[in-house]
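Dear colleague,

I am passing on the structure we spoke about, so that you can look at it alongside my notes. Please open it first and then read on.

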Amino acid sequence: MGDLTSAFTEAGRLIAGADSELYAIVALSLRVSLTAVVVAAMIGLPLGAIVAITRFPGRDAVIVAFNALMGLPPVVVGLLVYLALSRAGPLGPLGLLFTPTAMIVAQTILIAPIIAGLSRQTLEDAWQEYAEQLRSLGATPLRGGLTLLWDTRFSLVTIVLAGFGRAAAEVGAVMIVGGNIDGVTRVMTTAIALETSKGDLPLALGLGVILVTLVIAVNAAAQLIKSAAQRRYG
Amino acid sequence: MLPLLLDNVCFAAGGHTIIDGVTCEIASGPRTIILGPNGAGKSVLMRLCHGLLTPSAGRIEWSGNGSHRRLHAQAMVFQRPVMLRRSALANVTYGLELAGVSRRERELRAQDVLDVVGLAHLAQRPARVLSGGEQQKLALARAWALGPEVLFLDEPTANLDPGATREVETIVGQIRASGTKIVMTTHNLGQARRLGDEILFISAGRLVERAPVDRFFIQPASAEAAAFIRGELPWS
Amino acid sequence: MELRRNLIGTGLALAVLAFAAPATAQKFITVASTTSTEQSGLFKHVLPIFEKKSGIQVRVVALGTGQALDLARRGDADVVFVHAKSQEEKFIQEGHGVKRLPVMYNDFVLIGPKADPAKIGGGKDIVDALKKIKGASAPFVSRGDRSGTHSAEINLWKIAGIDIAKEKGPWYREVGQGMGPALNTSSSMGAYVLSDRATWLAFKNRGSLVISVEGDKRLFNQYGVILVNPEKHKNVKRAEGQAFIDWIVSPEGQKAIADYKIGSDQLFFPNAHEAAA
């Protein structure tokens with residue numbers, strides 16, 4: 001329990017100290033995970049909608065794949081992306097290894113299946129309700145899909161937030177493809193891992209408190225927006 | 001578009017025959033009621049006409065354009081209205097937008113139709129928080145705004161209380177008066193008498209009898225119809 | 001309505017891509033080094049001096065020695081800066097490195113619990129101490145991760161005449177992790193562990209651990225710096241990498257190393273002048 005108290009004290013000290021290095025780490029964490037979740041949503045939501053609405057041979061296999069890939073271990077994703085981006089690998093010439101871009105790529109790969117899989121289920125359930133009416137009004141499958149995405153937006157926001165939480169929390173992928181380079185690719189989770197391995201547990205815990213607070217703040221902001229919108233649109 | 005021709009239309013699903021060779025012509029003019037016990041296939045028949053389902057055998061043909069259903073020249077109101085997560089007005093303009101109506105025009109038309117059905121005061125309310133009756137009236141408004149040639153209604157008042165039922169029936173009358181052909185299913189004999197000009201009586205997937213409403217109720221030609229009117233046909 | 005929504009959507013997407021794109025046009029090199037070196041804090045002290053002078057940013061990826069060399073073998077680093085001479089020489093023989101230059105040394109210390117079950121506290125002979133630890137079956141934590149420290153440990157067992165791979169028992173715990181986690185584990189189990197002095201000095205979770213044996217010449221840990229071979233790996237930044245190497249062995253670089261202290265303790269001893277080191 002004493003550890004936890006000193007963790008909060010440490011977190012407070014860090015924030016109050018206006019440590020520019022800490023701010024840089026926090027800013028990078030947000031930049032990487034938020035960008036990844038936006039890109040993953042741009043990929044995952046349309047995919048989820050397409051699989052939810054259309055019927056095609058192999059659809060069941062695709063659904064199984066989505067659900068299975070939700071559990072991709074971050075460290076495996078990191079390793080695969082590293083092998084791809086390494087100079088010895090196929091995308092080496094891009095020179096993306098050990099940059100924030102590589103971290104964004106890895107986290108996007110990690111969360112896109114989560115968004116696709118969960119949205120597929122939500123959208124499929126909603127489509128049961130909406131399909132006939134939308135077709136009756138003359139909506140094409142494409143238009144119907146877009147309308148469905150908009151109408152289920154509150155559930156979808158929750159799904160996207162789940163994706164963000166997963167990205168912000170993971171360390172395996174960003175450690176390998178980012179290299180935890182001081183001042184360049186160090187994010188909250190890799191900083192915590194570093195301080196832990198240095199034995200500076202209070203500092204590590206303090207950073208952990210800040211990280212959790214950050215994720216809570218993002219979720220709280222999203223919830224506020226959702227409530228306001230829900231009051232307006234029902 | 002009308003008349004709509006059904007030629008030996010069959011529909012099967014999951015190994016069961018639901019529509020078993022229905023042949024008829026639905027012309028403009030009289031208010032057509034599709035009557036029959038629960039499970040007779042009324043809803044399926046309506047969806048076949050509207051184009052939501054494809055027949056397993058036989059033909060469904062609109063005049064003038066072959067069997068291709070012209071978008072927005074017909075509309076349907078379902079037993080349970082499905083409202084989009086937006087305002088009542090936006091639900092109406094959604095259909096108009098799909099029909100290619102310009103932005104200004106759709107706002108005006110939507111506002112008009114909401115006025116007529118008595119929902120103008122709820123135009124900005126989220127549609128999904130409206131009561132069952134209000135939502136069904138909104139569904140009617142949404143369909144009517146499209147100016148359809150035919151309006152299909154699938155048991156539109158089955159879930160409503162008597163007050164809301166009366167209001168919905170009034171609106172259907174108004175829509176009819178504006179020139180739209182009404183095709184409606186119901187299993188409610190009183191409603192059929194009130195709202196219909198002709199009866200298509202469906203039993204076990206077949207068109208058993210077709211007659212003007214008065215003659216149907218006073219002197220049904222078929223045994224099934226007679227039994228139904230006497231209330232003897234099973235409900236399942 | 002549709003057009004406006006589409007424009008906003010495209011604008012957002014472009015903003016996202018701009019956000020995600022690699023930003024800086026600053027010159028930089030990638031140096032593969034070890035976790036113990038980074039965790040000692042040396043780089044934080046020394047690199048800013050070089051960066052200010054040359055305008056070249058030094059990005060350190062810290063791994064175990066084996067991993068660092070493997071990273072360079074794949075061409076993912078410009079310079080290697082590790083402390084395992086035999087592995088470094090093999091690296092050059094394989095053609096991945098140009099030349100090895102000695103830079104500095106620090107030493108290892110044998111850390112152990114205050115309770116000292118093997119009765120070696122205060123000793124100056126590491127080989128004798130290891131024999132006593134095995135004799136007492138006292139708990140001993142090994143890095144077990146192909147790092148420079150791990151290589152040094154194996155070597156010391158060999159000098160003591162013990163084939164540790166064959167003769168280890170349950171008292172010998174291989175953790176497969178970096179120096180910090182190994183120290184953490186030792187602290188919680190009251191075990192002996194071989195550590196570099198720098199990591200030990202910076203380590204904050206000591207528990208009941210103290211230095212048991214130090215000062216034996218066999219505990220000295222030599223660092224070397226190597227430019228990754230640009231002939232073999234076309235992307236290596238030869239000029240900038242060489243600039244860093246030239247600086248770190250220059251009097252200015254060597255002084256920066258010597259100036260790095262924790263408290264009043266100097267951690268690293270520059271010896272670029274000892275060509276044979």
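Predicted model: local features only at pLDDT ≥ 70, side-chain atom pairs only at ≥ 80, totals over all residues.

The contact between chain A and chain C draws on 21 residues from chain A and 25 residues from chain C. On the side of chain A that touches chain C, α2 (20-53) and α5 (100-136) of chain A are the helices that each supply at least two residues, and the most is given by α2(A), with four residues. If you sort that side of chain A by residue class, you will find nine nonpolar, seven polar and five charged residues.

Turning to chain C itself, the chain is divided into domain 1, which is made up of 27-106 and 221-270, and domain 2, which covers 107-219. The C-alpha centres of domain 1 of chain C and domain 2 of chain C lie 26 Å apart, and the contact between these domains takes 20 residues from domain 1 and 18 residues from domain 2.

On the side of domain 1 of chain C that touches domain 2 of chain C, the elements giving two or more residues are α2 (35-39) and α4 (65-73) of chain C, and α2(C) gives the most, with three residues. The class make-up of that side of domain 1 of chain C is six nonpolar, 13 polar and one charged residues.

With best wishes

Technical notes. Residues numbered from 1 in each chain as written. Chains lettered and ligands numbered in written order. Contact = placed C-beta atoms within 7 Å. Nonpolar A, V, L, I, M, F, W, Y, C, P; charged D, E, K, R; others polar. Domains from an automatic or database assignment.
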